[in-house]
Amino acid sequence: MEHRADLAIVGAGILGLAHAYEAARKGLHVVVFERSLHASGASVRNLGMIWPVGQPHGSLHELALRSRARWLEVLRDSHLPYWPEGSLHVVYREDEAEVAREFAEIAPGLGYPCAWLNADQVRARSNAVQSQGLIGGLWSETELTVDPRVTLARLPGYLAEKFGVEVRFASNVRRVEPPLIEAGSECWKADHVIVCSGEDFESLYPGAYAQSGLTRVKLQMLRTEPQPGSWRLGPALAAGLTLRFYPAFNVCTRLPALKRRIREETPEYDRWGIHGLVSQTEAGELTLGDSHEYGLWVDIFNKEEVDDLILRYVSGFLRAPSMKIAQRWYGVYAKHPEQPYLSLDAAPGVKIVTSPGGSGMTLSFGVAARTIEEMGL
Ligand SMILES: Cc1cc2nc3c(=O)[nH]c(=O)nc-3n(C[C@H](O)[C@H](O)[C@H](O)COP(=O)(O)OP(=O)(O)OC[C@H]3O[C@@H](n4cnc5c(N)ncnc54)[C@H](O)[C@@H]3O)c2cc1C
């Protein structure tokens with residue numbers, strides 16, 4: 001039997017589903033193919049942080065805010081859980097405080113609603129911050145947290161019910177020659193195809209990927225057991241090491257000195273690209289991250305040293321009822337050395353959209369809206 005759709009999407013990670021949403025809300029008949037039984041790529045392995053404050057000012061920050069607005073629309077309409085609690089970067093060293101204060105001075109003029117808080121003001125916003133040695137923090141109101149595993153599991157059902165999107169799991173796309181698509185045991189015809197295959201560079205259009213300059217990044221992650229009772233984290237937490245990680249903070253003149261001190265004092269954090277982030281799931285677990293190892297080849301074995309460093313750093317600023325670790329895993333995302341994400345015409349009617357790097361949750365819906373506009377759909 002032959003199946004037909006206006007648009008076929010490869011991959012049911014967040015990019016694939018966001019593209020399905022943007023196309024389906026315009027009235028297109030969309031089919032999504034996912035090779036696994038459940039999405040199991042970067043989109044279910046992340047912290048679930050929709051994090052505009054990390055994006056550099058200008059077009060990418062605007063894209064993140066556009067994406068955030070769409071996220072809110074989808075989350076509300078689908079009744080998926082989310083926590084619009086903002087974020088805190090908490091600081092314990094004077095050089096970190098200088099960067100956070102400087103950003104709080106400059107950034108509101110660049111469109112970031114954020115402010116410097118002293119230690120008492122941080123404590124008033126969060127029960128989850130270690131008090132000892134706390135100088136203050138950067139408060140930003142635009143960050144949302146979603147539970148990635150819950151979101152990616154339920155979003156396909158919402159898209160199917162509300163817009164008639166067909167999501168085919170356990171359906172590996174082997175051949176794309178528009179209008180023909182071979183996926184699992186089915187043959188489909190679709191006028192347009194968007195390939196959101198994450199860090200799989202080998203299966204479809206390997207030549208285009210090989211020339212693209214894309215690489216892989218491996219991140220180690222940990223998760224606590226559910227916190228007791230109804231204890232909630234409040235704002236998602238980051239700290240001093242994160243100030244050197246997100247490009248938004250590159251506007252700060254004090255940043256090079258902070259980076260230098262970290263490099264000299266704690267080179268192991270630079271070696272493994274570690275910074276400390278904390279978010280909370282629907283079940284109350286705390287997700288703790290993360291590290292960054294770059295290269296096409298991904299070491300399938302985790303390093304205990306890296307987990308120890310993450311845990312030690314996070315324990316320096318997080319105060320939670322239980323720090324008992326219940327899960328450890330790693331995730332891999334695709335990254336381009338210069339571009340914030342890759343969008344390329346692989347063949348007539350076929351677009352590859354991938355590699356939003358460590359900001360795929362944040363940018364997904366904005367990138368998808370842009371792609372659908374560019375394709376004139
Ligand atoms: C540990 C970790 C933490 C992160 N934290 C955050 C965060 O807090 N905030 C943020 O903004 N970003 C974060 N990111 C980045 C974000 O998770 C990724 O950028 C994003 O999930 C990428 O989505 P994707 O849909 O491109 O890829 P994926 O989620 O990997 O999805 C690709 C899908 O395509 C499927 N597929 C591939 N080939 C085929 C084929 N031929 N046929 C059928 N299916 C196929 C795969 O099975 C997979 O399910 C994090 C990433 C990691 C790894």
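Helices here are DSSP runs of H or I with at least four residues, strands are runs of E with at least two, and both are numbered from the N terminus. Keep in mind that this is a predicted model, in which local features need pLDDT of at least 70 and side-chain atom pairs count only at pLDDT 80 or more, while totals for chains, interfaces and linings use all residues. Residues are numbered from 1 along each chain as its sequence is written, and side-chain values use heavy atoms, with hydrogens and water left out.

Let's start with the ligand. A residue is near it if one of its heavy atoms lies within 4 Å. There are 37 residues around the ligand, and Glu34, Ser43, Met49, Gly357 and Thr362 come nearest. Four elements each give at least two residues to this shell: α1 (14-24), β13 (215-224), β18 (325-335) and α11 (360-374). By type, the shell splits into 16 nonpolar, 17 polar and four charged residues. For that count, Ala, Val, Leu, Ile, Met, Phe, Trp, Tyr, Cys and Pro are nonpolar, Asp, Glu, Lys and Arg are charged, and the others, Gly among them, are polar.

Now look at the backbone around the ligand. A polar contact is a pair of N or O atoms within 3.5 Å. A polar backbone atom of Arg35 is 3.1 Å from a ligand nitrogen, and a backbone N or O atom of Gly358 is 2.9 Å from a nitrogen of the ligand. Gly360 also has a backbone N or O atom 3.2 Å from a ligand oxygen. On its own the ligand has 1,000 Å² of accessible area, and the protein covers 96% of it (Shrake-Rupley method, 1.4 Å probe).

Next, the rings. Rings of Phe, Tyr and Trp (its six-membered ring) pair if their centres lie within 6.5 Å; planes under 30 degrees apart are stacked, over 60 edge-to-face, and the rest tilted. The structure holds eleven such aromatic pairs. Tyr158 and Phe163 make an edge-to-face one, 6.1 Å centre to centre with 90 degrees between the planes. Phe201 and Tyr209 are stacked instead, at 5.4 Å and 20 degrees. Phe201 is buried at 7% relative accessible area, and Tyr209 is buried at 4% (buried is under 20%, exposed over 50%, partly exposed in between; 1.4 Å probe, protein chains only).

Definitions and conventions
Polar contact = N/O pair within 3.5 Å; in protein donor to acceptor, adjacent residues only side chain to side chain.
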